[in-house]
Amino acid sequence: MTPLNAKPEARRDARWMKLARAHDPILHLHCILVSELCACFSAFLDLPRDQQLGLTRAGLLHDIGKIKVLAAILQKPSPLTPQETQIVQGHAHFGHEMLLEDGETDELLLTTTRDHHERLDGSGYPRKLTAPDISIAVRIVTLCDVFAAMTEPRPYVAAMKWDEALAAMAKKRTRLDLDLLAAFATMMTAINFPKKRFSLFQDSTRRSSS
Ligand SMILES: [Fe+2]
């Protein structure tokens, strides 16, 4: 239960998470993991306290637009059709619009929600931004999101161990910030992050990574 004296943003975050949990429990768990990673990584980078809190919120809400995507598509245990892929990719835009309509004014939160699928080489979406237009905050949320997607179990994805995921991410050298990735890898070793997370599903086959 949210405390009666909670700040307005805490109340809004709790409401969004309640909606996410009701829509898709896997989405809910993903948001919690990305938030945890953003909190750890921003503290490890010794960012200012307000940015640490902002990134923790950003991790929690980055995928909130997925509550506008049918759960049957999010949970589909086989490859998505091009049309379904397009619908899922709409979540970045949906999330940004939903937060704006809810009166959200936190620029870091709005930007990371809209841009967390952008990639440094322009291969991302929705705006095909390139490195100069992708902020450090977005790059941090993106790293945490990709890492979470690779290491958490889903009905259609076999979870990777975190060192395997980091190795796979390093191969995306034109897409991700390699300096941040190196720092992230150092942090994961330093905090002795569990090599493998809990498993909700068995007999998974990998459909895609983030
Ligand atoms: Fe996303």
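This is a predicted model: local features need pLDDT of at least 70, side-chain atom pairs count only at pLDDT 80 or more; totals for chains, interfaces and linings use all residues.
User: Hi! In which hand of crossing does α2 pass α8?
Analyst: Residues are numbered from 1 along each chain as its sequence is written. Helices are DSSP runs (H or I, at least four residues), numbered from the N terminus, with strands (E) needing at least two residues; a crossing is left-handed if the near helix is turned anticlockwise from the far one by less than a right angle, and right-handed if clockwise. By that rule, the crossing of α2 over α8 is right-handed.

User: How are α2 and α8 oriented to each other?
Analyst: Axes are lines fitted to C-alpha atoms, for helices over the stretch in contact, and angles run from 0 to 180 degrees between N-to-C directions. Here the axes lie 9 Å apart and the angle is about 130 degrees. Angles under 35 degrees count as roughly parallel, over 145 as roughly antiparallel, 65 to 115 as roughly perpendicular and the rest as oblique. The two helices, α2 and α8, are therefore oblique.

User: How many nonpolar, polar and charged residues does the contact of α2 with α8 have?
Analyst: Two residues are in contact if their C-beta atoms, placed from the backbone, lie within 7 Å. From α2 come His30, Leu33, Val34, Leu37, Cys38, Phe41 and Ser42, while α8 brings Ile140, Val141, Cys144, Asp145, Phe147 and Ala148. For the classes, Ala, Val, Leu, Ile, Met, Phe, Trp, Tyr, Cys and Pro count as nonpolar, Asp, Glu, Lys and Arg as charged, and the others, Gly among them, as polar. Sorted like this, the contact has one charged, two polar and ten nonpolar residues.

User: At what angle do α8 and α10 pack?
Analyst: Arg139, Ile140 and Leu143 of α8 make the contact with Leu180, Leu181 and Phe184 of α10, and by class it has five nonpolar, no polar and one charged residues. α8 passes α10 in a right-handed crossing, and the two are therefore oblique to each other. With their axes 10 Å apart, helices α8 (136-151) and α10 (178-190) pack at about 55 degrees.

User: Which elements are included in what covers the buried residues of α6?
Analyst: A residue is buried if 20 or more other C-beta atoms lie within 10 Å of its own, exposed if 12 or fewer, and partly exposed in between. In α6 (91-101), the buried residues are His91, Ala92, Phe94, Gly95, His96 and Leu99. Their cover includes α3 (49-61), α5 (82-89) and α7 (107-115).

User: How is α6 placed relative to α7?
Analyst: On the α6 side, Ala92, His93, Gly95, His96, Leu99 and Leu100 meet Leu109, Leu110, Thr113 and Arg114 of α7. The two axes come within 7 Å and cross at roughly 155 degrees. That makes the pair roughly antiparallel.

User: Is Pro25 buried or partly exposed?
Analyst: Pro25 sits in helix α2 (residues 25-44). Because 13 other C-beta atoms lie within 10 Å, Pro25 is partly exposed.

User: What is the omega of the peptide bond between Tyr125 and Pro126?
Analyst: Pro126 lies in the loop between α7 and α8. Most peptide bonds are trans. The bond joining Tyr125 and Pro126 is cis, with an omega of about 5 degrees.

User: Is Asp46 buried or exposed?
Analyst: Asp46 lies in the loop between α2 and α3. Asp46 is not a glycine, yet has a positive phi of about 60 degrees. Since 7 C-beta neighbours fall inside 10 Å, Asp46 counts as exposed.

User: How many contacts does the stretch 198-210 have in the model, beyond near neighbours in sequence?
Analyst: pLDDT is the predictor's confidence in each residue, from 0 to 100. Its mean over the protein chain is 90, and 89% of the residues reach 70 or more. Over residues 198-210, however, the pLDDT is below 50, and the number of contacts beyond near neighbours in sequence is 25.
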